[in-house]
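This report describes one protein model, starting with a charged residue and moving out to the overall fold. Please keep the sequence and the structure in view while reading.

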Amino acid sequence: AGSPQPQQFIALNAVHEYVTQFGASVALDTSGKLRAELTRARAERETARLNLKVTERDLRREVAAAYYRLVLARRLVEVAKSTLAEAQGFESRARKLNAGGEAARADVVKAQAEAAFLQQALQGAELDAETANHDLASYWTADVGAPLNVVDPFDASLPQPENAMLSDAYMRRPEFQVFDAQRLGLRADVSRARADLLPQASLNWEYGIDAARYSFAYRGQALFATLNVPLFDWFKARSATRQAEARLASFDISREMVRRDLSRDYQTAIARARSNWSQIETAREQVRLSEENYRLAKLRYEGGEGQALDVVSAQSQLAQARGNYFSAISAYLNARADFEVASGQ
């Protein structure tokens, strides 16, 4: 009223309009886009679950490696202590023989030098054992300095390596399940991209008031059907589809490359386990022969037929043989753990 412009149009509800409505809509998924998004969400959930499984497995392997390192370090400390005690005993024996005129001063010096060398080796072994204790304890406590009371598996009966090996046992690894879930997600991406090429329908329902007077008597409802047909975006959707297909093809190539790598790791784990198992027996024989050599060297020296250098060399050889024996056991246990990972156990 009062406007100089002539009125062109007025709605049925006149100048004032009161709107109070609620509604609902549902997509009919004629293009398959919603089903593709659901498949993608399920694939991501399965991928996350399997990645958690892989992380837990890797954590168990790291803890096992730290555990074997601690046990080996403590064994090497025992070897260093026993060898040092034998060297100090020989040093004392050489001093007595030198005091009685039965041994040269050079023999005492050689024995002292060997004892000093073994003392330094013992200190290094004790440091390695302490740091190994810290590494293992750090997985579950902040009090890493407290000595851990762990079971020593070196004296137990060791399981032999498996004789019958499946050539494709590595296919049971959870990594391949992760690949399958990821591939399902990529296929869902292809389906979702293709859905943009197809018409998409939806239904909308509204109920409430849309009138010139705000009265519940003027309530009503309406039902709308919508069909979106891609025209101008059709080429864009086709390009997106090709990109999704290219990502899927690239993923298949990457999966095949990883499959070859995991097959190599599986065969390598088998070879390592078998080789380390045979090395244990070899190292055990080395210890036996080194102990006999040390015993004979001491007998020859005390009988006046040998030299102090022979005894010192025999001590070093015995210490090395004992260390090699326990290292071989630790390497075999680690190789078995790697084999369990490589075979998907």
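## Salt bridges between helices

Asp-338 counts as partly exposed, at 22% relative accessibility. Buried here means under 20% relative accessible area, exposed means over 50%, and partly exposed is in between (1.4 Å probe, protein chains only). The model is predicted: local features need pLDDT of at least 70 and side-chain atom pairs count only at pLDDT 80 or more, while totals for chains, interfaces and linings use all residues. Residues are numbered from 1 along each chain as its sequence is written, and side-chain values use heavy atoms, with hydrogens and water left out.

Asp-338 forms a salt bridge with Arg-61, and the closest N and O atoms are 2.7 Å apart. Because Asp-338 lies in helix α5 and Arg-61 in helix α1, the pair ties together parts that are 277 residues apart in sequence. Arg-61 is buried, with a relative accessible area of 16%. A salt bridge is a side-chain nitrogen of Lys or Arg within 4 Å of a carboxyl oxygen of Asp or Glu. Helices (H or I, at least four residues) and strands (E, at least two) are DSSP runs, numbered from the N terminus.

A second pair is Glu-245 and Arg-194, whose side chains meet in a salt bridge at 2.6 Å, N to O. Glu-245 lies in helix α4 (residues 234-302) and Arg-194 in helix α3 (residues 174-195), so this pair ties together parts 51 residues apart in sequence. Both residues are partly exposed: Glu-245 at 33% relative accessibility and Arg-194 at 45%.

## Other salt bridges

Glu-285 and Arg-288 form a salt bridge with their closest N and O atoms 2.5 Å apart. The two residues both lie in helix α4, three residues apart, which is about one turn of the helix. Glu-285 is partly exposed at 32% relative accessible area, and Arg-288 is partly exposed at 46%.

A network of salt bridges links Arg-40, Glu-44, Asp-189 and Arg-192. The whole structure holds 24 salt bridges.

Thr-47 is found in helix α1 (residues 33-99) and is buried, with a relative accessible area of 13%. Leaving aside residues up to four places away in sequence, Thr-47 touches Val-178, Ala-181 and Gln-182. Contact means heavy atoms within 4.5 Å.

Helix α5 (residues 308-342) has 35 residues, which at 1.5 Å a residue should span 51 Å; its end C-alpha atoms are 50 Å apart, which agrees. The expected span is 1.5 Å times one less than the number of residues. Just after α5, Gly-344 takes a positive phi of about 75°.

## A nonpolar patch

Phe-22, Val-26, Leu-28, Leu-203, Trp-205 and Leu-223 make a nonpolar surface patch of about 580 Å². The elements giving two or more residues to this patch are β1 (18-27) and β2 (200-211). Patches are made of residues with over 30% relative accessible area and no salt bridge, with like charges joined within 9 Å and nonpolar side chains (Val, Leu, Ile, Met, Phe, Trp, Tyr) within 5 Å. Accessible areas come from the Shrake-Rupley method with a 1.4 Å probe; for residues, only the protein chains shown count as cover.

Leu-223 lies in strand β3 (residues 219-228) and is exposed, with a relative accessible area of 64%.

## Overall fold

The protein has five helices and three strands, in the order β-α-α-α-β-β-α-α along the sequence. Its C-alpha trace spans about 140 × 50 × 35 Å along the principal axes. Buried residues make up 34% of the 345 residues.
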